[in-house]
Each structure stands twice: as C-alpha cells, then as structure tokens.
Amino acid sequence: MLKIKNLRVAINNIEILKGINLEVKRGEIHAIMGPNGSGKSTLANVIAGREEYDILGGTVTFKGTDLLQMAPEERAHEGLFLAFQYPVEIPGVSMANFLKQAVNEIRKSRGENPLDARSFLNKMREKLQLVEMDEKLISRSVNEGFSGGEKKRNEIFQMAMLDPQLSILDETDSGLDIDALKVVANGVNKLRTKDNAFILVTHYQRLLNYIVPDMVHVLYNGKIVQSGDKDLALHLEEYGYDWVKKEKEEPATI
Amino acid sequence: MPTDEKKSEEQRMLEKMTRREYKYGFTTDIETESAPKGLNEDIIRFISTRKNEPEFMLQRRLKAFRRWEKMTEPRWAFITFPPIDYQDAIYYAAPKQKVGPESLDEVDPKLLETFDKLGIPLGEQKRLAGVAVDAVMDSISVATTFKKELEELGIIFCSMSEAIQNHQELIKKYLGSVVPPGDNYFAALNSAVFSDGSFAYIPKGVRCPMELSTYFRINAANTGQFERTLIIADEGAYVSYLEGCTAPMRDENQLHAAVVELIAHKDAEIKYSTVQNWYPGDEKGKGGIYNFVTKRGLCEGANSKISWTQVETGSAITWKYPSVILQGDNSEGEFHSVAFTNNFQQADTGTKMIHVGKNTRSRIVSKGISAGRSNNSYRGLVKVYETADNARNFSQCDSLLIGDKCGAHTFPYLEIKNKTAKVEHEATTSKIGEDQIFYLNQRGIDTENAVALVVNGYCKEVFKKLPMEFAVEAQKLLEISLEGSVG
C-alpha cells in the first residue's frame, strides 16, 4: 500500500531523512522507533504532506500513485490519516461541525452523498464509545481546553470517524497514563482489519505491549538502521538506544 | 524549489480572489428622478418639497446645512482617501413611482424584482417568516411589509418620510435628540439632506413579535445615500432590528452617510444588528462605498438595554462607531463586531460606551480580520462620568491577520472619572495558523474551507448574537468574502 524508496528530506537546508526505504502492506502494523531527533516525526509529516520540508530525492507511492505530488487534503481523501503528536486547537469550531465537514469532504471525494444529520450523530456516538469519551465532546471546540490525554484520544476518535486505510500515529502514546494508553491501543486494535494498515511512531516499547506490530524499524540519524519483528522492540527496551548508536555510529558527514 | 512552488500557489489563490465578483453588483434599469448635482440651500428646499415636508423639517434641514458649511471634514481616523467633492454628487434620487404605495400591487415590479434578486422577498407569498421589511432604494422607501399586523399592537414601523407626515409629535421629540445635527461633519450633512430611512416606535410594555428589518440599496450612479433611522422603545418594550445593505459595482466612490438613533426608555431593550455588504471596490482598490456612519443609542431609563451587533464585510472605507449612552441607572450597553477587510479596503470602527448612570454595564467584543493589503482598526472609547458609581466595562479586541501585507491596529481610549468603576481591556493579535490549516487539510478539508472554518470559529462569539437567519447569512457572506484570500 505504501512504498517509500530512498527518501531524502531536508528542512532549513539540514538533511533530516537520509534515504528511507519502507514498505507497508494492507493488514500490517509497523512500528517505527528511535531516539529523539532521529527523524521519526519528519517522516510522519512528510507522508501526510506538510509543506515546510524540502524533498531532496526518492519516491513515496500510496496505492500506486505518487504521494508527493498530492495536496495534504487529497492524501486524506485517498485514505491517509495522521494522528498528530501535538493536536491543534481551533477555538469556536465545534467537533461536530469540524468532523461533519471532514467526513463529508472525504465522502464527496469518493462520489458518495453527505451523511444525513441522524446517521452522522449515530456514527459519532458509536465511535465515541470506542475511545471511552463523553458525548459532550461533540459540542466542544476542537481540542480547546482538552487535557493531554483527551487530545490524544480525540485523535483516535477522529481516526475512527474517517475510516482511513493507512493511519500514522505520531507518538500518540507519549504523555499518556496507562489507562489512556490502553484506551488508545484498544481503539487501534478494534479498528484493525485485513484491509487497512498502521504505522506507529513511538519512542517507547510500552505501546507495543498492547498493539502487536508485524514489523519494528529502528530509525537513527535519518536512516532505518535495523528492522525486525516485535522482539526487536523488546531488545531495544532492554539495551536502550545506545546500543543502536554504538553499532551504527557513522563518522560525521556534515 | 519548493518556495517557488509555494509562491505560485499563492499567485493562483490571489488570481482566484481577484476573479471573484461582488454578487450584488448589478444595477436596476429603472427611471429615476434626481435632484441636480451639487449641494446648496435650493437643493435642500428641493428635497424637502419633494417629500412634502412640514415647515419645521425644512427649517431643521437648513439649520443643519448652515452648520455643516462651517465644519471641516474630520481626518483623524486611520484611513486615507482623496478629497471628496461634495458639489459633484447627487443628493436626491428616487425610483420613479407613486410615492408611498398603498400596497405591494402598486410597487413597480422592477423594484420588487431587484429586492427578490437580493434575497429580500417583499411579495406577499414569499415574505420571510416573521420578519417585517422596509426596503429602501436610493433615496426612498420602496415598501414596508407586515405594517397592518404590527399596527394592531400599536407598533409603528414605516419609512422616515411617512413618519414625518403622520407622526410629527414623535419626530419633533426624538429626531436629532441622540445625534444632534452639529454632532459631527457627516451627521450634519445627513441632517441637511437625508431622504429616507426607517422609523419604529414600540409602545409601552409591548414586545415586538417579529424582527423588524430595513434593507438599503444604492442603485443610481453619482448618488450619495443618506438615510436616517430612528427607533424608540417605550417603557418595558422590546424590539430586535436588522439592517442589510448592498450596492452596484461602480468605478467611482459613492458616499453613504447615515445616522441611526436609538432610544430605550425604562426597562426597554433594543437589539440592533447590521450585516453591511456595500460594494467594497475592486481588487485594485477602485470604486466602492465610503461608509461614514453615525450610530448612537441612548439608554434613557433605568434598567434599559441597547446592544449593537455588526458584521462589516463591504465598503471601500468603513468609518463607524455605534455607541451607547448609559444614562439610566443599571442600564446596559453591548457592542459585538466582526469587521473583515480584503484587498484595499479600510476599516476604522469600534464603539463608545458612555457611562453616566449608576451601576451601568457595558461589554465590547470586537473581532477584526484583515486580508490582502487592507487595514483594519479598532477604535473604542470607554468613558465613565463622576456620577457613574460602580460602572463596569469589559472590552475584548481581537485581530486576525491573513497574509503579511495587511494591517491590524487597536486604539482604545479610557476616560475614567469615578473611582468605583471597573474597566477591563483585553487585546490579541494573531495570524491564521499554518498548524491549524495543516491539521484541517489532513482531515480532508481544503485550504479555503479550512480558513473559512477557522475564521468562523473566531467570529462565533459575535455570530451567536445575531438572529438565526441573519447569523446564517453573515456566515455565508464571510465565506464568500474570504474566498481566495489565502496565500
């Protein structure tokens, strides 16, 4: 579904991603781990289409089409979802209003009619249960005054509402207490099907106790330096990122 | 290079914006009776005679005119415009038809069609449910709906011309009592040449069951519009009043200098809402209406309340400060404003809250949005007299910038002469956040809709204050005005 070949990305003339190769198939869950500053969030943002990055080289295809040529909203229409590390507040815009527009824009792109008010409300109620959030959320302004945990759960709620094919969770687990973490993990597990895929970007192994990945990749200094199954995450937990650093330290090139 | 790509995207957006046409820019091809160009005592006599006015009105007009001649045009606002040649305009233009038609059947179908096109249906079968409308084109009132239904409750709702004929006692007592002719340059001009407008009187203890509304339309070229509105809520009365306006697209600037006076007696409440959409000029700043307006309300009696709500999206220049004089004890004044400027539009708008009575309260919420190369200023005065024990004011002035060529300014003035007064002022300026836009993009919403969503959220506090149908209209209007304003 997603194919990344030799992707090189810079911001402010500093190369952050130095040749990423990654393939994610339908039904798979991939975890991307790595120390701070290794380029994890950059990768997530570039896939989602954030503009401030310069693509130096490489290709990214999603369901066979060149993702890098598409506007962020077109990527969303194609079924790409990013759960933000820092969800943005939009004062005065209710969750209901925001999601109605999002859901219907995506439906429109698929040639479907907008959801009527009742079906939409029912869908909201159903998905709210999945993340154990109160119905009052519907009338609150997007992320405004939400606690850290609420914001992260709200991302999973939106993911459930938009029914994406590929979801990237950018450090959704960081800053969550164990109960909230379980809620998030439970949400992902319930939404998982043989047709969709997930990329979990995370700093810690903790989340992977609840969501079992098919593949674990270690990102370090802009490159994937190691890939393996879920045991790789456990190994990292035990030995820390210093182990990767020692093994893979390259002479400085900049 | 990615930065170039971004620029061309901005260019595309800008092009799209400049292609956007002002939806209401058509003209109605109708025979018009006009006064000759220019302004002198003869012209004023002409206007007064055409309107068959009593002598006292003519004398008032002449007095105001002589006053105006001695005054100089104010230039203190944060706006620039070339000198206005007051002799080069027409001060009276009226669509030729029977004056004061008895029923809609007598109104020229072309006029009804014009208002229909503007979405203001006057025809019996198409009336907006629960809204009585007075439609004013150029210098005269075309039609007023629901008159009979309102009369049964003792409510007078008619054109100013009719009020001058039929309700002279009220006119003598109230007209010019809140905005006297010598108040300012444009008020003096208006007092001399005003041609029509709306008049409403709500008797004691009556709650007006429907929204009263006036729709102003400038049609004729080279014509100024000088309407005069007077609303009186007697003791314990309540009324909600709406005002809308549009004009054709013309290359020259047209002057609109209106005066609105509100009087709320003891325990009375007046809500006044405006959606102002005069022609703003083209993308190069050519043409558009100069909207120089004086609006003031007097909370005359105890426990009275006046609130102004305005959504300003049109006009080349907007210069208005709807104010409240809080004379009655425990009286309350409110001002809620959204002012949007784009291209070369200029707005210098705000309010004055004058606290005279004890325990008077006022609240100011101003939301400015600037795009293009426009300039948007909030200017507001909070004045607390020695007599105003325990006066309270809260002001919140927010500015939102779209793009980096526009300006937002805040000029708050405070004059506090009573130590028990509590006055709070909050101001913020923000740029529309790229983070917000990207977040919405990522959820499938394109940039234009994303900006509209963020801006609507930003204005929500003010939109909430508008009557339902108006809120929807205001929101749509803002969305249209925003189209392509994003780079």
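1. The model is predicted, so local features need pLDDT of at least 70 and side-chain atom pairs count only at pLDDT 80 or more, whereas totals for chains, interfaces and linings use all residues. Residues are numbered from 1 along each chain as its sequence is written, and chains are lettered from A and ligands numbered from 1 in the order in which they are written.

2. Chain A contains eight helices and twelve strands, taken as DSSP runs (H or I, at least four residues, for helices; E, at least two, for strands) numbered from the N terminus. Its C-alpha trace spans about 60 × 40 × 35 Å along the principal axes.

3. In chain A, 41% of the 254 residues are buried, meaning that 20 or more other C-beta atoms, placed from the backbone, lie within 10 Å of the residue's own.

4. Between the chains, 23 residues of chain A are in contact with 18 residues of chain B, a contact being a pair of residues whose C-beta atoms, placed from the backbone, lie within 7 Å. On the chain B side, helix H1 (2-19), helix H9 (434-442) and helix H10 (447-463) each supply at least two residues.

5. H10(B), with 17 residues, reaches 22 Å from its first C-alpha to its last, close to the 24 Å expected at 1.5 Å a residue, where the expected span is 1.5 Å times one less than the number of residues. H10(B) bends by about 40° at B:Gly457, the bend being the angle between axes fitted to the seven residues ending there and the seven starting there. B:Gly457 is also among the buried residues of H10(B), which include B:Tyr458 and B:Cys459.

Methods. Buried ≥ 20, exposed ≤ 12 C-beta atoms within 10 Å, placed from the backbone. Contact = placed C-beta atoms within 7 Å.
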